[in-house]
Amino acid sequence: MAKRKRKFELDPEPKPDLTPMIDIVFNLIIFFMIVSELSNLTVEQLQLPFADRSEEPRPGAPEKILQVNVMPTGIVKIRSQAYTGDPQLKGKYPWLQEFLEIEAAGYEREPPEPGQPGTPPSALRVNIRADKEVKFQYVQQVFDACVRNGIYKTSIGATRDDPKN
Amino acid sequence: MARRRKKLILEDPNLDITPMIDIVFNLLIFFMCATKFKTTEGFIMCFLPKNRGQGSGTPTIDLNEVRIKLLWYGDDGKPTNGDAGYVVVKIGDENYNDPGHFERDLRSTVPEKSPVWTAIHDKLNAFKAGYKGKSDKGLPVIIDARKQVPTKYIVSVLNEVVRAGIQDVTFAAPEIEY
């Protein structure tokens, strides 16, 4: 009797269910999109000094703040552009005092105080974000450039994260 | 004649999701690399003198002012203009640390947490309580730091000044070298 050949059946192709993986990946993308600051050109990556008494920036505050970053090398960066207030580097980089003069001209001036005939005070506020290890001389140069242009509202950036032992 | 029924074959639509997964993974890698986590960044206000531009008048001096000096000492224990050195914090003639204290302090390897700042805070509170000047803003404090001092020490002093509730803070002008 002829043996009947058994038909060899291939198992159906295994189909892994990708749905949970895609869910997780989408959740990760949404998380990174929310927490990331992609194009913040005004703020450089710096190690700021610690100050637990520093104020938190108020969201929606009307005043405009010019972020001045003092890099560990002493170079000043404003909107990713390098400047200097160091007389020894005056030819190499644009002069900070001239930049602040132009910047302050775009803001209103407050009425001068009686008996003080100098440059009327500017409404511009400058936030100095200096690296914690940078020499104070470079911060002084920013202060000096501000004072010469009547900018009196300044602040020093600091981190509130507790430094670890 | 019986009509033969046609068998209805349902086709399983095969959606190829490989390109979508590729793009999604690329997006994920991009966001992971480009992410800078927001840090808790704050600021300390420091108002500079108004009207000190060209042709300004002479500022008045309050004799009750407190001057916090951040000096720069060399290895020999004397003030130096060199890049290598140590910070010494002084109020009046009183030293708050010895040269190299912040670097040697075994209780805390972080200078920002040094007990020096607590001592300065207590001293400022004592000055504030005993202030007899006439300024509306209260006790005037001047922070006088040498140019070589790292900014973190100036911010630590400023932090203690703010903690003591002092409103009139000024930074001394840099020394003019001859």
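Q: What does it take for two strands to pair, and in which sense do E1(A) and strand E4 of chain A pair?

A: Two strands pair if DSSP finds at least two bridges between them, where strands (E, at least two residues) and helices (H or I, at least four) are DSSP runs numbered from the N terminus. In this predicted model, local features need pLDDT of at least 70, side-chain atom pairs count only at pLDDT 80 or more, and totals for chains, interfaces and linings use all residues. Residues are numbered from 1 along each chain as its sequence is written, chains are lettered from A and ligands numbered from 1 in the order in which they are written, and side-chain values use heavy atoms, with hydrogens and water left out. Here E1(A) pairs with E4 (residues 122-130) of chain A in the parallel sense over six bridges, and Asn69(A) has Arg129(A) as its bridge partner in E4(A).

Q: Which residue of E2(A) stands opposite Asn69(A)?

A: That residue is Lys77(A), and E1(A) and E2 (residues 76-78) of chain A pair in the antiparallel sense over two bridges. The two strands form a hairpin with five residues between them, and Gly74(A) in the turn has a positive phi of about 100 degrees.

Q: Why is strand E1 of chain A largely enclosed by the rest of the structure?

A: Buried means under 20% relative accessible area, exposed over 50%, and partly exposed in between, with a 1.4 Å probe and protein chains only. Five of the six residues of E1 (residues 65-70) of chain A are buried, so the strand is largely enclosed.

Q: Where does strand E5 of chain A meet chain B?

A: Seven bridges join E5 (residues 151-159) of chain A to E1(B), and these strands run antiparallel, with Thr154(A) opposite Cys46(B).
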